[in-house]
Amino acid sequence: MAINSRQKGRRGELEVAKLLSTALDIEVKLNYEQAATGGYDMKIWGWAIEVKRAENPEWSAWQRQALQSAWREGMMPILFHRRNHARNWDCYLPISVFLVVWGGEGPFTEDDWMRVSLDVAVATMKKSLSQKNPGDLPG
C-alpha cells in the first residue's frame, strides 16, 4: 500500500473517530496495533469499527475483513466508507446484526449488509449498549 493511501486511510479513521466521539459523547481512540494484528480500526461498546476511504469500493473484501476482525473478539462489525470527494460517510451493518440489536429476525446471513445513516448507526450502537448496561450511556 502506498504511503499516500495509508495517510488517507489514517485521516479517514481520525475523521470517523471524531464524528463518533461527538455523536456518542465519549472519547474514541484508534487501534494503532491494527496493522500488526489485522484487527479493527477502533472499538466502541462491543462494536469493531472498520473505516475505508476509497473511490472504488472493494465490498466483498471489506465485509470479510470487518466480519473476521469483529467476530475474532466476539464483537459486532460496522463499516464506514467515504469516497474521495464525498462529504458524508456511509455506514454499513450486517442485516442480521441490526436485527439482533433492534429485536427483529429474518432469513439473513452474514453476507447481507445494509447501508444506514450515521444517525441510525449511532442509535444502533447506543441501543446495543443500553441492552447490556443501561446505566453506561452518556448524558
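Reader: Hey, which residue in E4 is the bridge partner of His81?
Author: In E4, His81 is bridged to Asp90. Before we go on: this is a predicted model, where local features need pLDDT of at least 70 and side-chain atom pairs count only at pLDDT 80 or more, while totals for chains, interfaces and linings use all residues. Residues are numbered from 1 along each chain as its sequence is written, and side-chain values use heavy atoms, with hydrogens and water left out.

Reader: Ok, and what's the E for?
Author: E marks a strand (at least two residues) and H a helix (H or I, at least four residues); both are DSSP runs, numbered from the N terminus.

Reader: In which sense do E3 and E4 pair?
Author: Antiparallel, over three bridges, with E3 covering residues 76-82 and E4 residues 90-94. Strands count as paired if DSSP finds at least two bridges between them.

Reader: What's the strand order in the whole sheet?
Author: It's an open sheet of five strands, E1-E2-E3-E4-E5, with mixed pairing. E1 (42-44) and E5 (113-116) stand at the edges with a single partner strand each, so one side of each has no neighbour in the sheet. From one strand to the next, the twist averages 30°.

Reader: Which strands does helix H3 touch?
Author: H3 (residues 59-71) packs on the sheet and touches E2 (47-53), E3, E4 and E5, and its direction makes about 145° with that of E3. Angles run from 0 to 180 degrees between N-to-C directions, using lines fitted to C-alpha atoms, for helices over the stretch in contact. Contact means heavy atoms within 4.5 Å.

Reader: And H4, how does that run relative to E4?
Author: At about 80°, and H4 (residues 95-102) lies across E2, E3, E4 and E5.

Reader: Which H4 residues are buried?
Author: Ile95, Val97, Phe98, Leu99 and Val101. Buried is under 20% relative accessible area, exposed is over 50%, and partly exposed is in between (1.4 Å probe, protein chains only). Just after H4, Gly103 has a positive phi of about 85°.

Reader: Switching topic: is Val122 buried or exposed?
Author: Buried, because its relative accessible area is 8%. Val122 sits in helix H5 (residues 118-132).

Reader: What is Val122 in contact with, leaving aside neighbours within four places in sequence?
Author: Leu20, Ala23 and Leu24. Also, Val122 and Cys91 are 31 residues apart in sequence but 9.7 Å apart in space, C-alpha to C-alpha.

Reader: Last one: is Ser69 buried or exposed?
Author: Ser69 is buried too, at a relative accessible area of 2%. Ser69 belongs to helix H3.
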